[in-house]
Amino acid sequence: MTTLPLPAVELVQLPLAAIDALAAGDLDTANRHSPVPLTPHFSSDRRAVWKIRSLQLATAPDDAGWITGAIVDSASGQAVGCAGFHGPPDAGGMVELGYSVDPVLRRRGYARAALELMLARAASEPAVSTVRATISPDNAASLNLVLQYGFVETGTQWDDDDGLEIVYELDLQLG
């Protein structure tokens, strides 16, 4: 089996005006404020995420550096999806991550590349000891991905937007 090299990506923080516009489902306004062009995936498929992040930044603006941003293909400058943490580390040193790649751009290594950037960021932060990912049981691609990085199943939870999720955690202190 031949493994293709990962695409070079960066995680680009979106300004509050773009996040607010995405929360409202207004892709045109979001693109006027975004440092990179955003696809319809950002406003249609991920609208619930942007609503949460918009409310979060209204009460905790310092979370901006931790929350969901755009996954940008470094070669093309194209936004291919979104990824980031749900917020800064909690009191126990845990951060939860999330990612989503535009369906038309999946199976090209973007999720893996974004996951590697987020894990590197978490490992570089002294306040972070655990990284969490919550994944729908029917999302085989994401389940397979996190298992390859040493995440272990720690339980399940119900998410009002996403339904049943399996909770996976990676203990950074073990590595």
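In strand S7, Ile-166 is the bridge partner of Thr-156. Seven bridges join S7 (residues 163–171) to strand S6 (residues 152–159), and the two strands run antiparallel; strands count as paired if DSSP finds at least two bridges between them. The model is predicted, so local features need pLDDT of at least 70 and side-chain atom pairs count only at pLDDT 80 or more, while totals for chains, interfaces and linings use all residues. Residues are numbered from 1 along each chain as its sequence is written, and side-chain values use heavy atoms, with hydrogens and water left out.

**Confidence**

- The protein has a mean pLDDT of 92, and 96% of its residues reach 70 or more; pLDDT is the predictor's confidence in each residue, from 0 to 100.
- Helices (H or I, at least four residues) and strands (E, at least two) are DSSP runs, numbered from the N terminus.

- S6 and S7 form a hairpin, with three residues between them.
- S7 also pairs with strand S5 (residues 130–135), in the antiparallel sense and over six bridges.
- Within that pairing, Leu-170 in S7 stands opposite Val-131.
- S5 is joined to strand S4 (94–101) by four bridges, and these two strands run parallel.
- Met-94 has Thr-130 in S5 as its bridge partner.
- S7 is mostly covered, with seven of its nine residues buried; buried means under 20% relative accessible area, exposed over 50%, and partly exposed in between (1.4 Å probe, protein chains only).
- Five of the six residues of S5 are buried, so S5 is largely enclosed by the rest of the structure.

**Salt bridges**

- A search of the whole structure finds two salt bridges, each defined as a side-chain nitrogen of Lys or Arg within 4 Å of a carboxyl oxygen of Asp or Glu.
- One of them links Glu-169 and Arg-132, whose closest N and O atoms are 2.4 Å apart.
- Glu-169 lies in S7 and Arg-132 in S5, so this pair ties together parts that are 37 residues apart in sequence.
- Glu-169 counts as buried at 19% relative accessibility, whereas Arg-132 is partly exposed at 22%.
- The side chains of Arg-121 and Glu-125 also meet in a salt bridge, at 3.2 Å from N to O.
- Arg-121 is partly exposed, with 27% relative accessibility, and Glu-125 is partly exposed at 25%.

**Helix H4**

- H4 (residues 47–59) has 13 residues and reaches 19 Å from its first C-alpha to its last, close to the 18 Å expected at 1.5 Å a residue; the expected span is 1.5 Å times one less than the number of residues.
- Its buried residues are Val-49, Trp-50, Arg-53, Ser-54, Gln-56 and Leu-57.
- Seen down the axis of H4, these buried residues fall within an arc of 165°, so they line one face of the helix; the arc is that of the directions from the helix axis to the C-beta atoms.
- An α-helix has 3.6 residues a turn, so residues three or four places apart point the same way.
- The face turned away from the buried side of H4 carries the exposed residues Leu-55, Ala-58 and Thr-59.
- The cover over the buried residues of H4 includes helix H1 (16–23), H3, strand S2 (69–73) and strand S3 (79–85).

- Arg-107 has a positive phi of about 70° although it is not a glycine, and it is exposed, with a relative accessible area of 81%.
- H5 has 15 residues and reaches 21 Å from its first C-alpha to its last, close to the expected 21 Å.
- The buried residues of H5 are Tyr-110, Ala-111, Ala-113, Ala-114, Leu-115, Met-118, Leu-119 and Ala-122.

**Surroundings of Val-9**

- Val-9 lies in strand S1 (residues 9–12) and counts as buried at 14% relative accessibility.
- Leaving aside neighbours within four places in sequence, Val-9 is in contact with Ile-71, Val-72, Asp-73, Ser-74, Tyr-110, Ala-113, Ala-114 and Leu-117; contact means heavy atoms within 4.5 Å.
- Val-9 and Trp-66 are 57 residues apart in sequence and 17 Å apart in space, C-alpha to C-alpha.
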